[in-house]
Each structure stands twice: as structure tokens, then as C-alpha cells.
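Biologist: Hi! Could you walk me through this one, starting with how its helices pack?

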Number of protein chains: 2
Amino acid sequence: MKEKLTLVKVGGKIVEEADTLNQLLHDFASIPGYKVLVHGGGRSATAMAARLGIESRMVDGRRITDLETLQVVTMVYGGLVNKNIVAGLQALDVNALGMTGADMNLMRSEKRPVKEVDYGFVGDVKEVNADLLASLIRQGIVPVLAPLTHDKQGHMLNTNADTIAGEAAKALAKHFEVTLMFCFEKKGVLLDAENDDSVIPEIDQDTFRKYVAEGIIQGGMIPKLENAYQAIDAGVKEVIITQASDIHKNTGTKVFVSPQ
Amino acid sequence: MKEKLTLVKVGGKIVEEADTLNQLLHDFASIPGYKVLVHGGGRSATAMAARLGIESRMVDGRRITDLETLQVVTMVYGGLVNKNIVAGLQALDVNALGMTGADMNLMRSEKRPVKEVDYGFVGDVKEVNADLLASLIRQGIVPVLAPLTHDKQGHMLNTNADTIAGEAAKALAKHFEVTLMFCFEKKGVLLDAENDDSVIPEIDQDTFRKYVAEGIIQGGMIPKLENAYQAIDAGVKEVIITQASDIHKNTGTKVFVSPQ
């Protein structure tokens, strides 16, 4: 039987402020067993770009990454945010190892083709090499993944943190029984956007499609749930959508695939 | 018998310009066997600090690292420079893994005590944990080390790259027969500073002391050679001082300790 592994994805907001970061690191440290942390950092990147006089342009919540912006996200995600988290976890005796997709060739991606939008140096993941990572995890290492990949031709590429989390979870599912936890600002997927306590405890694909059709689930929650179903189809044991302060509890919305 | 490992330390100048970086990566990739790369990045840090309106203050070639400067070096050394090197090596099929001293708790340091000078967030290395690193190296991983450590209390610390190289070499000497290569702008230690071809092929401690007394060896070369003798005393097989473009050749100045 495979051993359990928890992969937690947290957005930028949580890891960019000292108080919430500190709480997150304590909660994450208290998760038993094997684990991986995937982080964002968009707010810090936007703030750093502004200080450097670089305009941040977003389309549908995705950052247009020109060469200057690529340098900003490489240093902010891969350096500032990542190492801050790693040092914080080490202080809690969690043996963290910060990585991007370039490190150990963990994730090779291809620069997104230009269609209606030219996203610039943004990578779509093509290959995940998690065997060595799995062996490191078994040796007690806790990988901390920044939302960056590389093209195996010498270039870093900006990559969505939800995608990194989903791809890492799928690749690690060959080695572990993976719980993938997506954190966002709410307690879970809400039945009523105005009521924070209306968390849907479990949602299967049919219910998801129904809620989307009815407009109950909308916006950024749709790709998040689509990612979740894809991960389960690819072997991830369970996906939980919750808030960062609940990662050590058994709450949030459990996403599952109904038996056919 | 221990297997061979080559640890190359290159300064910022080489890794910060596309042409020299590209040449370095090719030369480094052609070194056979186990290897480690340690890099600087001071010029990029100074340039980035200037763009952010942060003044760079140096005392005896060491950077005064206030909190803002610590953030700059963390993102520039740990992110921008490190990941650029890692992606470049991956393109040459070198399975690079970028790390700071915080990652896998590789190097714990203590904030330098304030004496005549307050260097700020600068770390003096106290503990190196290289056993897991050695096992990774045996699995084909090539560590790329940024000049940053941590205090195991949640803080990154700026640390001299020569020190990182020396400490890593000493710790890895328990596992490998280590050649430590310090690169700088000259072909080796020169007998005549005006003559680039006056490389001293070998230098023992007595000759070193004599040359220092005579003023032949001066400035930054003195701590570099002191570091080298310390490394040899601590078990490193040989130390070579050379220029970056010669790392794949058997040239430069070999530093050795005379038998007592």
C-alpha cells in the first residue's frame, strides 16, 4: 500500500504577509507524514515590478510575462518568496528544499503558443520528473515549489501555481497516496457566495456541472475545480478546496469523481 | 577509495554576462565526474539595489547587508542568478539543483557579531550538513550553490561565496576526493602582477608567507589563499586557483601544504 502524502498549494496573499505566513508555516508543519508545499507570489511580483518601473499586465488573471517581468518573477518567486518560506520551515524543523521546475529538471514546459493573447514567457507543463523527488521525500525532505518551470533549452518560464500543484500531485501519485489541497480565501466551495458558512462538503462532477450551469459556481473556481477533477482522473486520491488556516483540519470541500 | 568531485567557485562577473556565463556553463559541463558549482552575484545585486533606490555600502569588499539589502541578495542570488545558471546547465543535460544554505539545512550560520563594523545580516557558517547532499550527488545531481545561508531561526543571511565554497568542499571531503577550484580574473596566482603569464604553478604555505612578507601576494588574494590552506588542512585533496575559462584544463596555481 502506498504511503500518504499531502500537497498544499497556497496563493501569494498568505505567504506574502508575515502574520499569515507564520500561521501557515505552523499549520503546515503540523501536517503529519510526507508533504509538499506549492506557493504563489503574484502580489510581491507586482509590487517589485512597480518599484522597478515595470508595468504588470494581466489577462483573465494571468500575468503577461515579457523578458523584464520574467526576471522579476524568477527572482521574486524563486528567490525572495521561496527562500523566505524555506528558512521559516527550517526554523520549525521541517527539512524544506526550495525548488523550481528547472531544479532537477522537475518540470519541463513549453512557451505558450501565441493565439489571441501573447502571454510571453509563460510555460505549459509537458513533462514532470518526480522519481528523484519521491526518493528525496522518503528521505525526509519537504519540497517547496515556486511557480516557475523551464524549457530545457536554458530559459525559465512563468507557470501558474495551481498548475504546478496539479502536475506535481499527479506525478507523485505514482509513488504516494496523494491528498491535494488547494487553499484560497474561503472555507471551501460555497453554495451561497454571500454566506461563508455555506461550504459544500463534497462535490462530484455532475453536481459541479449543474452548479456551473446554474451560476452557483463561477469565475476562478471553475478552472480550480476542473484542475481538481483532472488530478483525480490522473490518480490523485483526493482533492480538498479549503482556506489556508484550515489545512491541518479535515474541513473544506472534498472533490470526488462519482463511480460510473 | 573515495571518488573524485570537483567544486568550482566562480565570481559574479562571469555568471552575470550572457557570453561569459555561456562559456562557463559549457566548460563546467565538460568537467567529468561529480561536481558542484558555487556562484557569486555581487554586481547584479548592486545593480538591482541601485534600481530599487537602495545604496550599496561595502567595507573591505564585504557588503553591509541591512534588511532591504538582504531581500535584494536573497532574490538576486537565490532567484535570478541561481535559476539562470540552473536552467542553462539543464539545457546542457547537467542535472543541476539550485540551493542556498537554508535548503535541506545545508549551511547554518550565525549573524556576524557587531565589532568595529556592523555588517548587518551577514552569516558566519557554523554547521554544514552535507550527507544528504553527497547522496544526491551520487544520484547524478549537480548542486549549484548561491552565497546565502540561514540561521535556523527563520532568517536568511548573506554569506561570502568563497566561504560557501570552502565550507562545502570541507564537508564533502568526508565523502569524496575533492578538488576545490577558485576562479578569478587571472590565470592563477601571479609572481608579477603586471605579467599575466607569470603564474606560480604550485605554492606551499612557507612560500605563501614569504611572498606576503615581500608584498608579492597582496589584497584579496591573501584571504583566498588562507581559505585554500584551511580547506586542505580540513581534508580537501587539492585547491586550484585559476581563471573561469580554464576550469576544464589542468592549469592555474595548485595550492598545497608542505609535509611537516
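This is a predicted model: local features need pLDDT of at least 70, side-chain atom pairs count only at pLDDT 80 or more; totals for chains, interfaces and linings use all residues.

Biologist: Noted. At what angle do α3(A) and α4(A) pack?

Modeller: Helix α3 (residues 42-51) and helix α4 (residues 67-91) of chain A pack at about 125°, and their axes are 9 Å apart. The two helices are therefore oblique to each other.

Biologist: And is the crossing left-handed or right-handed where α3(A) passes α4(A)?

Modeller: The crossing of α3(A) with α4(A) is right-handed.

Biologist: Which residues of α3(A) and α4(A) meet there?

Modeller: From α3(A) you have S44(A), A45(A), M48(A) and A49(A). Their counterparts in α4(A) are T69(A), V72(A), V73(A), V76(A), Y77(A), L80(A) and V81(A). By type, the residues of this contact are nine nonpolar and two polar, with no charged ones.

Biologist: Nice. Switching to the interface, how many residues does each chain put in?

Modeller: Chain A and chain B each give 33 residues to the contact. On the chain A side, the elements giving two or more residues are α4, β5 (96-99) and β9 (148-150).

Biologist: Which of them gives the most?

Modeller: That's α4(A), with 13 residues. The chain A side as a whole divides into 14 nonpolar, 15 polar and four charged residues.

Biologist: Let's look at a single residue. Is I241(A) buried or exposed?

Modeller: I241(A) is buried, because 24 other C-beta atoms lie within 10 Å, and 20 or more is the cut-off for that label. I241(A) sits in strand β13 (residues 238-243) of chain A. Leaving out residues up to four places away in sequence, its contacts include F182(A), V189(A), K224(A) and V255(A).

Biologist: Over to chain B, then. What is the strand order in the open sheet of eight strands?

Modeller: The order is β5-β8-β2-β1-β11-β13-β14-β12 in chain B, with mixed pairing. β5 (96-99) and β12 (202-203) of chain B are at the edges with a single partner strand each, so one side of each has no neighbour in the sheet.

Biologist: How do β11(B) and β13(B) pair?

Modeller: In the parallel sense, over six bridges. One bridge joins C183(B) to T242(B) in β13(B).

Biologist: And which strands does α6(B) touch?

Modeller: Helix α6 (residues 161-172) of chain B packs on the sheet and touches β1, β2, β8 and β11 of chain B. Its direction makes about 175° with that of β1(B).

Technical notes
Residues are numbered from 1 along each chain as its sequence is written. Chains are lettered from A and ligands numbered from 1 in the order in which they are written. Axes are lines fitted to C-alpha atoms, for helices over the stretch in contact, and angles run from 0 to 180 degrees between N-to-C directions. Helices (H or I, at least four residues) and strands (E, at least two) are DSSP runs, numbered from the N terminus. Angles under 35 degrees count as roughly parallel, over 145 as roughly antiparallel, 65 to 115 as roughly perpendicular and the rest as oblique. A crossing is left-handed if the near helix is turned anticlockwise from the far one by less than a right angle, and right-handed if clockwise. Two residues are in contact if their C-beta atoms, placed from the backbone, lie within 7 Å. Ala, Val, Leu, Ile, Met, Phe, Trp, Tyr, Cys and Pro count as nonpolar, Asp, Glu, Lys and Arg as charged, and the others, Gly among them, as polar. A residue is buried if 20 or more other C-beta atoms lie within 10 Å of its own, exposed if 12 or fewer, and partly exposed in between; C-beta atoms are placed from the backbone. Two strands pair if DSSP finds at least two bridges between them.
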